Amino acid sequence: MTPATSPPPTPPVVTVVGIGADGWAGIPDASRDVLRDADVLIGGPRQLDLLPAECAGRRVPWPTPLRPAVPGLLAAHAGRKVAVLASGDPMFYGIGRTLTEVLGDGAVGTDALRILPHPSSVSYACARLGWPVEETEVVTLVGRPAAQLTAALHDGRRVLVLSAGPGTPAEVARLLGEQGFGPTRMRVLEQLGGERERVVAGTAEDWQHPPGDALNVIALECRRAPDALRLGAVPGLPDDAYESDGQLTKRHVRAATLGALAPEPGELLWDIGGGSGSIAIEWMRTHRSCRAVCVERDPVRAERIGRNADRLGVPALRVVTGSAPEALAELPSPDAVFIGGGLTSPGLLAACWAALPPGGRLVANTVTLESEALLADWYRRHGGELVRLAVAHAVPVGGFTGWRQAMPVTQWAVRKAPGPARDAGVPAAGTWAEPAGAGGAPRTAAGPGRGSGGAAGAQGTEGPEGPDGTDDYEALPGDDR
């Protein structure tokens, strides 16, 4: 006799309702009906307090941390009508994303998940300022380091910063001063859409206002100080932008290398032999969704890479202190790999090639004859493009001017075609340990081994050569404030 089994629990009917600082008065009738009819009301304490007594459902504040608790919280209310409160537009740095990921994209627009948005704080702010929404950069600092604002700072640009709390304006003012944007005009817009809405204004270099309301958005009209270093929006930042001990892919070679790597939004790069981290940093600066893992043997250099990443606006760069290829085993699968040093380390090129999926790109730079011979052999077997990059700088020669030639850099760039490796000397894709995890994890200076990096290198490289070295947060309701 087959024992009876219980039917699976009925999933909850979830409706996400956007709410603003004006509370119940600003909610449209359709959203009000949902909140009145809900069996369970989930939201932040501030949001739940905005609801009147006629919303009689059980009120459940979000737990901390939020993301891991969502599946269990929904399961606990299976079969009931659940209303989730979100600040402004739930799909703009809000809880809507988390719920669509938990319930599946197919749930949206069905009885399982409905989303009723409210105007976001960005819409309110742009309306108050007269700024076109489509031309305004938006950076959130809710649950994220302030350093990521740096990548959005360009002279003349308008930026809206989603604040993490009352102390964020002063933190932003300090960062602007440190980055050479002290003259930037700042306006802090508090309680947008509510009865207590107000604006506080000043410049970053003269910001003396005390902390105000926690619910605020910071509007920046960026102005670079005359003597500040200019950081453009394309690869090839000035070498002076980096803290370095000489292990730095120089500007012109770096620009050519990023061009060969051809980053696209959302892609993940392995930067092996990180040195100063310049390739990984400028890869991430090409688009806010680009991710990178920098592998560096030397712990001092690994810490320096972290500082460079913070200073240049990509604090999400992950730094692994470890030896390549050993340190690669647990990394997420890359879309592209850059090898700046250590090409002659046994198994390194083969491991990187095997880790690449079909269509993945590999770019390797070298200045030594030994590594150049290795690249020539791989080029013969796998094709791609083999080039030599030579850069010369004008320097004084007595009372005249002459050229000083940097060491030429040999670069191999190749795209991995579908199918098995072309010869028995190279492992086919899938024979190397499948990487685990997900890209974009918080930066860590810990990793297996201590390789990838080494003694100071020459022009255009970020790692030594030779056998002894190897060259969401998920937004809480209210994140859209």
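Trainee: Which residue has the backbone oxygen that the side chain of Asn 216 reaches at 3.0 Å?

Mentor: This is a predicted model, in which local features need pLDDT of at least 70 and side-chain atom pairs count only at pLDDT 80 or more, whereas totals for chains, interfaces and linings use all residues. Residues are numbered from 1 along each chain as its sequence is written, and side-chain values use heavy atoms, with hydrogens and water left out. Asn 216 lies in strand β10 (residues 216–221), where strands (E, at least two residues) and helices (H or I, at least four) are DSSP runs numbered from the N terminus. At 3.0 Å, the side chain of Asn 216 reaches the backbone oxygen of Asp 213.

Trainee: With which side chain does the side chain of Asn 216 make a polar contact?

Mentor: A polar contact is a pair of N or O atoms within 3.5 Å; within protein, one must be able to donate a hydrogen and the other to accept it, and residues adjacent in sequence count only if both atoms are side-chain atoms. Asn 216 has a relative accessible area of 2% and is therefore buried, a word that means under 20%, with exposed over 50% and partly exposed in between (1.4 Å probe, protein chains only). The side chain that Asn 216 contacts, at 3.0 Å, is that of Ser 163.

Trainee: Is the ring pair of Trp 353 and Trp 378 stacked or edge-to-face?

Mentor: Rings of Phe, Tyr and Trp (its six-membered ring) pair if their centres lie within 6.5 Å, and planes under 30 degrees apart count as stacked, over 60 as edge-to-face and the rest as tilted. The structure holds four aromatic pairs. In one of them the centres of Trp 353 and Trp 378 are 6.2 Å apart and the planes stand at 70°, so the pair is edge-to-face.

Trainee: Which strand holds Trp 412, the partner of Trp 353 in a pair 59 residues apart?

Mentor: The rings of Trp 353 and Trp 412 are stacked, with 6.3 Å from centre to centre and 25° between the planes. Trp 353 is buried at 4% relative accessibility, and Trp 412, with a relative accessible area of 0%, is buried as well. Trp 353 belongs to helix α10, and Trp 412 to strand β19.

Trainee: Which strands stand at the edges of the open sheet of five strands?

Mentor: The open sheet has parallel pairing and the order β3-β2-β4-β1-β5, and two strands pair if DSSP finds at least two bridges between them. Four bridges, for instance, join β2 (residues 40–43) to β3. A strand at the edge has a single partner, so one side of it is left without a neighbour in the sheet, and this holds for β3 and β5.

Trainee: Near what value is phi of Tyr 93?

Mentor: Most residues other than glycine have a negative phi, and most peptide bonds are trans. Tyr 93 lies in the loop between β4 (81–87) and α4 (95–103), and with a relative accessible area of 24% this residue is partly exposed. Its phi is positive, near 55°.
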